[in-house]
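Please look through the structure below, starting with its backbone and then turning to the chain and one of its pockets.

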Amino acid sequence: AEEARQQARADLLMAFRSALSQSRSNIEAFRTALLSADAVSINGAVLSELRRARPPNGQTLRMVIIQGGVYTSPSRGSFDLIETYAAAIRVSGRELPGAYSNLVRAVGDRLQAIPFFPQDLAKTTQLLLNQARRQVNAVTTHGGAIHLMMHRALHWIGGKGASDMAVSHADRSLGRETPHP
């Protein structure tokens, strides 16, 4: 009986180490893909939206800037620069939020698939995975890192040429703030 219990512990430990190793590999691949994201195309997506908001008289652009990058124009449609930025970050062919959610789900599934995984460790793991899921929301929501970066990049001074200056300022600001791998 003692030998069977020791064998069960050894099997559990081996399965746990294997799940951790596979998860670590997935996380490293995600990190590598994230760091190799094309900053020029990410910033280009945001600048394209700013340019779409500019004509004919710059008022939609002005409202996009005043509203912090999220605005719905009755005539021009919706603008969400935070979503545009997050969606332009591609990891394994998926947008950042979806790719991150898949990563967290895969890690959780792998750990939950371990036979005889102790209940207390499973609960702790679930709490940590839920916390990890919320992290991507913290980056992409109002007040998150992307929103704050947009806030610094969006500037409206008004007057003649304000639209061109606003787009130019955003181009310069995003070029400085986006990490280049």
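Pro56 sits in the loop that runs between α2 (39-53) and α3 (59-66). In this predicted model, the peptide bond leading from Pro55 to Pro56 is cis, and its omega is near -5 degrees. Most peptide bonds are trans, and most residues other than glycine have a negative phi.

Two further places in the backbone concern phi. Ser92 is not a glycine, yet its phi is positive, at about 55 degrees. Ser92 belongs to the loop between β3 (90-91) and β4 (94-95). Its relative accessibility is 70%, so Ser92 counts as exposed, the cut-off for exposed being over 50%. Phe116, also not a glycine, has a positive phi of about 60 degrees. This residue is placed in the loop between α5 and α6. With a relative accessibility of 79%, Phe116 counts as exposed.

How many helices and strands does the protein chain have? There are 8 helices and 4 strands. Along the sequence they follow one another in the pattern α-α-α-β-β-α-β-β-α-α-α-α. The protein chain is more spread out than a compact globule, because its radius of gyration is 22 Å, well over the 16 Å that the globule rule gives for 181 residues. Taken along the principal axes, the C-alpha atoms fill a box of roughly 85 × 30 × 20 Å.

Of the 181 residues, 35% count as buried, where buried means under 20% relative accessible area. The accessible surface of the protein chain is about 10,900 Å², and carbon and sulfur atoms account for 56% of that surface. Among contacts between residues at least 6 apart in sequence, 62% join residues that are at least 24 apart.

The next topic is a pocket. The second largest pocket has a volume of about 200 Å³. Which helices each supply at least two residues of its lining? They are α1 (2-35), α5 (96-112) and α6 (119-140). The largest share comes from α5, with 5 residues. Leu20, Ile27, Phe30, Tyr100, Leu103, Val104, Val107, Leu111, Thr125, Leu128, Leu129 and Ala132 line this pocket. By type, the lining residues divide into 11 nonpolar, 1 polar and no charged.

One of these lining residues is Leu128, which is found in helix α6. Is Leu128 buried or exposed? Its relative accessibility is 51%, so Leu128 counts as exposed; the cut-off is over 50%. Leu128 and Asp80 are 48 residues apart along the chain, and their C-alpha atoms are separated by 30 Å.

Notes:
Residues numbered from 1 in each chain as written. Predicted model: local features only at pLDDT ≥ 70, side-chain atom pairs only at ≥ 80, totals over all residues. Heavy atoms only, no water. 1 Å grid on protein atoms, 1.4 Å probe; cavity = no way out; pocket = protein on both sides within 12 Å on 5 of 7 lines; lining within 4 Å. Points joined across faces, edges and corners; volume = space filled by probe spheres on them. Nonpolar A, V, L, I, M, F, W, Y, C, P; charged D, E, K, R; others polar. Rg over C-alpha atoms; globule rule 2.2 N^0.38 Å. Buried < 20%, exposed > 50% of the residue type's maximum accessible area, 1.4 Å probe, protein only. Contact = heavy atoms within 4.5 Å. Areas by Shrake-Rupley, 256 points an atom, 1.4 Å probe, with all protein chains shown as cover.
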